[in-house]
Structure formats: structure tokens, C-alpha cells
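Me: Please take a close look at one part of this model. Pick a helix and the loops around it, and walk me through them.

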Amino acid sequence: MTPLVYLAAALAEIAGCFSFWAWWRLDRSVLWLVPGMLSLAAFAWLLSLVDADYAGRAYAAYGGVYIATSLLWLWVVEQRAPDRWDLIGAAVCLAGAGIILLGPRSA
């Protein structure tokens with residue numbers, strides 16, 4: 001369940017941040033900020049659903065998923081294909097996220 005929550009949180013965060021980008025950098029209507037703020041609130045709620053002992057660990061592991069999802073956004077929404085360095089970097093980040101989230105912990 002955690003990977004799906006992370007994916008949903010990443011999409012919500014990226015969509016929320018993109019609404020600000022669109023308003024500020026692409027000269028879209030200020031009304032773009034309303035769904036953006038709702039999306040960012042959904043992001044915070046979704047991230048709180050992650051089953052982790054500590055918030056900081058959940059957030060750290062989320063970072064790798066966010067990076068990979070951002071590259072998916074780049075490809076699908078902005079229609080710019082990630083290059084090999086983007087993909088290598090995302091793979092490294094996802095590996096790090098897995099280590100952080102799933103690594104054995106001493107009692």
C-alpha cells in the first residue's frame with residue numbers, strides 16, 4: 001500500500017506545485033492556485049497515511065518516489081522525454097528510498 005500512497009502523494013504535490021508554476025511562469029489565471037492549494041493539502045494528508053515509525057523516515061523515503069514521478073510528469077504532461085541521466089538518477093534515488101524505508105532496524 002505504501003508505494004501507491006507515495007505515488008498518489010507525489011502526483012498531488014507535483015500537480016499543486018505545477019499550478020503555481022503555471023500561474024507564475026506560464027501566465028495562467030490566478031484561479032490555477034485554488035486547485036493547486038487543494039492538491040498540496042491532499043499531498044500532506046496522503047503522506048501522513050504512510051506506515052512508518054517516524055515522519056522523517058517516511059518523508060526521506062518519499063523523496064525518491066517524488067523524483068521518479070517528477071520525471072514521469074516531465075514526460076507525460078510537459079511532453080519532454082527524460083534523458084538517460086534523468087533515468088539513472090531516478091533509479092539511484094528509488095534504490096535509496098527502498099533502503100531507507102525497508103532496511104532492517106535494530107530494536
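Reply: Start with L49, in the loop between α2 (33-47) and α3 (55-76). This is a predicted model. L49 counts as partly exposed, because its relative accessibility is 42%, between the 20% and 50% cut-offs. V77 is 28 residues from L49 in sequence, and the two C-alpha atoms are 26 Å apart in space.

Now α2 itself. The helix has 15 residues. From first C-alpha to last, α2 reaches 21 Å, close to the 21 Å expected at 1.5 Å a residue. Its buried residues are L33, G36, S39, F43, L46 and L47. Seen down the axis of α2, these buried residues fall within an arc of 140°, so they line one face of the helix. What covers them includes α1 (2-25) and α3. The face of α2 turned away from that buried side carries L38 and W45, both exposed.

Most residues other than glycine have a negative phi. D27 is not a glycine, yet its phi is positive, about 55°. D27 is found in the loop between α1 and α2. Its relative accessibility is 70%, so D27 counts as exposed.

Q79 also has a positive phi of about 55° without being a glycine. Q79 lies in the loop between α3 and α4 (84-102). Q79 is exposed, because its relative accessible area is 69%, over the 50% cut-off.

Technical notes:
Residues are numbered from 1 along each chain as its sequence is written. This is a predicted model: local features need pLDDT of at least 70, side-chain atom pairs count only at pLDDT 80 or more; totals for chains, interfaces and linings use all residues. Side-chain values use heavy atoms; hydrogens and water are left out. Helices (H or I, at least four residues) and strands (E, at least two) are DSSP runs, numbered from the N terminus. Buried means under 20% relative accessible area, exposed over 50%, partly exposed in between (1.4 Å probe, protein chains only). The expected span of a helix is 1.5 Å times one less than its number of residues. The arc is that of the directions from the helix axis to the C-beta atoms. Contact means heavy atoms within 4.5 Å.
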